[in-house]
Amino acid sequence: MSEPRVRRAEIAIEQGHVDRVYARLAELRSQAEAMRAKGYEIGHGAQREAVFEQASMLFERDMMVFHANQTLQTLDAEYEGLVFGRLDQTSGEKIYVGRLGIRDAEFDNLVTDWRAPAAAAFYQATAEEPMDVVRRRVIRCSGQNVLDVDDDVLIADAVPDDMRIVGEGALMAALGRSRGEKMRDIVATIQREQDEVIRAPWRGVTEITGGPGTGKTAVALHRAAYLLYRYRRQLGGAGVFVLGPSGVFTSYISRVLPSMGETNVELRALGEVLDGIVATRQDPAKLAAIKGSLRMRRVLTRAMRDAPPGVPDEMRIVYRGEVLKLRGKELDKVRRKVHGHGGPPNRSRVRAAETLLEALADKAEENARADGRTIDRAELITDLGERIDFHRFLVVWWPILYPGEILRSLGDPARLTRAGKGVLSREEIDLLAAGYADREQEWSVADVALLDELRVLIGQPPKRRRRAQQLELDAAPPARGSDGSPTTHRPEHYDEYSHIVVDESQDLSPMQWRMIGRRGKYASWTVVGDPVQSSWPDPDEAAQARDHAFGVRTPRRRYTLRTNYRNSAEIFDLAARVVAGHAKEDELPKAVRATGLEPDVRIVDKPGVEGSVQAAAKDLMDSVEGTVGVICAMDRVPEVRSWLQGRADERLKVVGSLDSKGLEYDAVVLVEPTELITESTTGRRVLYVALTRATQQLTVVASDREWL
């Protein structure tokens, strides 16, 4: 039988099994809907029963409806082909592998969940260690239709005469497929080195390092799905938190977990970690480096303890005909004394009142001694403490503090000079003050960690003031779950996550590590990064903050992924050449796929850059089926978008260098690479990232050759 006829016959066999799976899926869905309807009937019946029976019936109703909704949510999860694999074992048993486990009416397996131990051989078996697998088949589907199959033979001597082998293996076929706007899951093509990381124990810290295209992000997301499947009782209730570098990135990966049936994972970008804020603006590199340094904690503490702008600098109160007066320096001394106790200011007003009354009593005793009199100190404190004019002064002099007000106040050079004395240089003070001078400017991504630090330093305001604080923090839409919907009903500033996934960890500043560490006090961690791609200038300081965030977490495991599945060898060779002086040879992955298409480097005069970018974008849009990314320096994004605004094609995306991290496109136009080097404190590392976003074709448009 010819190869095409064999392939068609095998596709038909697998289509028959897939049809049985979807028929059973429809039955399970009908059963879940019936259960939910029954639950609502019980709820209506409870309204007619005696009061003492209602609680039991309503509890039964709630549990039945909850379970039914959970089942429906799992069955309705977005997926691109429910069944994707098959194992033929030496025993003759056939195991189908898919995104969730499904049994037939007799409880026999139709599909085994990819995370189950029985499915491990689909990822771990090799020709050297076949794990009793004769043939591993990858089944490629679109919805309920089987499109193709690819086989790997692992035990050639055990292949029976009637077993027909199709294709050249799934991985290389998958690598050549075009990309969409969202990251796809890789459950059908997970490789052994990746599977080892995915199935690592959940406790402690699991670090995943590797160069571009090694699948670090996909592995981390699949690990989250695996842990929720394997340890749902331990992890599911408290929640899993996934942190990405940008909103562009979190949108890109948002489909991966729902495609595997996990929709209750909280997904946020760095600019969204603090409840109530969505920040997308990036600071210039030097300013971001100041804001991210651990030194800022000392600056913020001093700014918090400084007298707030506009508070009175003198107190006058009449007691029994005598004017008691506290001047500016005396009030400052009282303020320092209150702060010296170390409590958060928003919880220290009572202490401030007591300390202020003691200072007034000291003043009254001083005046009395000068006149040869005595006073009853306790009586004075009691009387003044009950006076309305005293409390009016106290409210104004010791106001409720809000993070944004304190951070905005650093736009005053005099205040920032006091706060930064001995901590920041004169140049840094000027740069930081200028950054906060415009009080109408939106918060930057780096500001979010500072606001969160201040939130903890100043403490929660009284309950009646919390609504005001929420508004002050630029109220924003709620955080997204992994399926893009608003996240669950967790309390504000939730800090009890059971597992935290941090992607692009090499770029987190020390202050950002502190912010994330607060959310992971009780969590295990999966941390993904590549030192060669780092945009943070002081890795030692970041490592110190990272270790503090982890706390005492044992064990700590480290895995290195060394195979670049994304880039063609031709594209990665150029990227490796650019970063050669900034990375050791063993820090760079190996690209396994050659296409014969060398990167197209176009050197043009500066006036010709716009036209060349337009032409390059058109050429690539015509030559690839998937997405085309146009990557430029962060401050050039609006300008480059204007160059391409006439092309209303959703496949074409313009992104800044920092926002391109973690993304991939079928083809990339890289604009003025030297600008990417000069805009960052880590120079060529940022360019290296941009050069490794393309899977098939890369065009570089430059007005100089310095970057080479």
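Predicted model: local features only at pLDDT ≥ 70, side-chain atom pairs only at ≥ 80, totals over all residues.

Visitor: Are the residues of strand 1 mostly buried or exposed?

Guide: Buried means under 20% relative accessible area, exposed over 50%, and partly exposed in between, with a 1.4 Å probe and protein chains only. Strands are DSSP runs (E, at least two residues) and helices likewise (H or I, at least four), numbered from the N terminus. In strand 1 (residues 83-89), seven of its seven residues are buried.

Visitor: Which strands pair with strand 1?

Guide: Two strands pair if DSSP finds at least two bridges between them. Strand 1 runs antiparallel to strand 2 (residues 94-98), with five bridges, and Val83 has Gly98 as its bridge partner there. Four residues lie between the strands of this hairpin, where Gly92 takes a positive phi near 95°. Strand 1 is also joined by five bridges to strand 5 (residues 133-142), again antiparallel; there, Gln89 is partnered by Val133.

Visitor: How is strand 13 placed?

Guide: Strand 13 (residues 499-502) is covered on both faces: His499 and Val501 are buried on one side, Ile500 and Val502 on the other. Strand 8 (residues 240-244) runs parallel to strand 13 over four bridges, and Val240 stands opposite His499. Strand 14 (residues 524-529) is likewise parallel to strand 13, with four bridges, and Thr526 is found opposite Val501. From strand 13 the chain passes through helix 20 (residues 510-519) to strand 14 in a right-handed β-α-β crossover. Right-handed means that, with the strands pointing away from the viewer, the path from the first strand over the helix to the second runs clockwise.

Visitor: Why does Leu708 count as partly exposed?

Guide: Leu708 counts as partly exposed because its relative accessibility is 32%. This residue lies in the segment after strand 22 (694-702).

Visitor: What does the UniProt record list as "binding site"?

Guide: Such annotations may be inferred rather than shown by experiment; positions follow the numbering used here, and feature names are shortened. The unreviewed UniProt entry lists several residues under "binding site", including Gly210, Lys216 and Thr217. Gly210 lies in strand 7 (residues 205-210) and counts as buried because its relative accessibility is 8%.

Notes: Residues numbered from 1 in each chain as written. Heavy atoms only, no water.
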